[in-house]
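Work each one out first, then compare with the solution.

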Amino acid sequence: MQLQVARIGKPHGIRGEVTVQVLTDAPGDRFVPGTQFVVEPASAGPLTVESARWNKDILLLAFEEIETRNDAETLRGAKLFVETEDIDEDDDEGWYEHELVGLDVRVGDVVVGKVSALHTMPVQDLLVVTTAEGNEVLVPFVEQIVPEVNVGEKYVVVTPPPGLFEVNTDDAAESPAADEPADVKQADRQGPEGTEGTAGSNA
């Protein structure tokens with residue numbers, strides 16, 4: 001089985017380097033010079049790492065087979081894979097994107113969306129959660145916020161800070177406070193008694 005570890009983005013500079021979206025929790029081990037990747041589409045590969053370096057939070061790769069910016073442009077969107085037998089079997093503390101995508105995201109007993117991607121960053125990984133409304137929410141993939149990942153039961157549990165998922169607070173905060181006072185104020189403005197109307201509008 002092959003496991004995707006990166007997706008190639010746009011070219012960087014004129015010497016054939018490319019930006020990549022990292023999809024592994026061990027980029028320092030996966031992108032060392034001499035590593036050869038299986039590529040999708042197959043016509044773009046295989047590709048052998050010549051150099052790897054970070055530009056702020058973006059990983060830049062150069063490949064032995066790619067020498068110019070025009071060559072690099074043909075790789076845009078290509079996916080890089082490694083064979084699973086090359087991956088440590090005893091790494092029980094991490095998850096790969098293919099294991100997480102599609103899992104329900106629960107806040108308590110409420111399903112608030114599904115995992116649609118995993119962004120692996122140098123400092124902190126991010127889960128991309130797509131809500132039922134189609135919005136994307138970035139959730140820091142740390143134990144305090146994502147205390148449980150259950151791949152077998154196809155869900156993750158999230159304990160988001162206030163405001164991260166508006167679904168947690170909108171119904172409770174807006175509905176009771178907004179409806180009844182609005183009705184009272186509307187009745188005051190339209191009522192025949194001038195006294196209450198002026199009190200409600202601070203006139």
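This is a predicted model: local features need pLDDT of at least 70, side-chain atom pairs count only at pLDDT 80 or more; totals for chains, interfaces and linings use all residues.

Residues are numbered from 1 along each chain as its sequence is written, and side-chain values use heavy atoms, with hydrogens and water left out.

**Exercise 1.** Find how β4 pairs with strand β5.

Solution. Start with the terms: strands are DSSP runs (E, at least two residues), numbered from the N terminus, and two of them pair if DSSP finds at least two bridges between them. Next, six bridges link β4 to β5 (residues 58-63) in the antiparallel sense. Within this pairing, alanine 52 stands opposite leucine 61 of β5. Finally, look at the hairpin of β4 and β5, with two residues between the strands: lysine 56 has a positive phi near 60 degrees there.

**Exercise 2.** Describe the pairing of β3 with β4.

Solution. Strand β3 (residues 36-40) also runs antiparallel to β4, over two bridges. The hairpin joining β3 to β4 has six residues.

**Exercise 3.** Are glutamate 50 and glutamate 133 buried, partly exposed or exposed?

Solution. Apply the cut-offs: buried means under 20% relative accessible area, exposed over 50%, partly exposed in between (1.4 Å probe, protein chains only). Glutamate 50 lies in strand β4 (residues 47-55) and is partly exposed because its relative accessibility is 47%. Glutamate 133 sits in the loop between β9 (126-131) and β10 (136-140); at 63%, glutamate 133 therefore counts as exposed.

Note on methods:
Helices (H or I, at least four residues) and strands (E, at least two) are DSSP runs, numbered from the N terminus.
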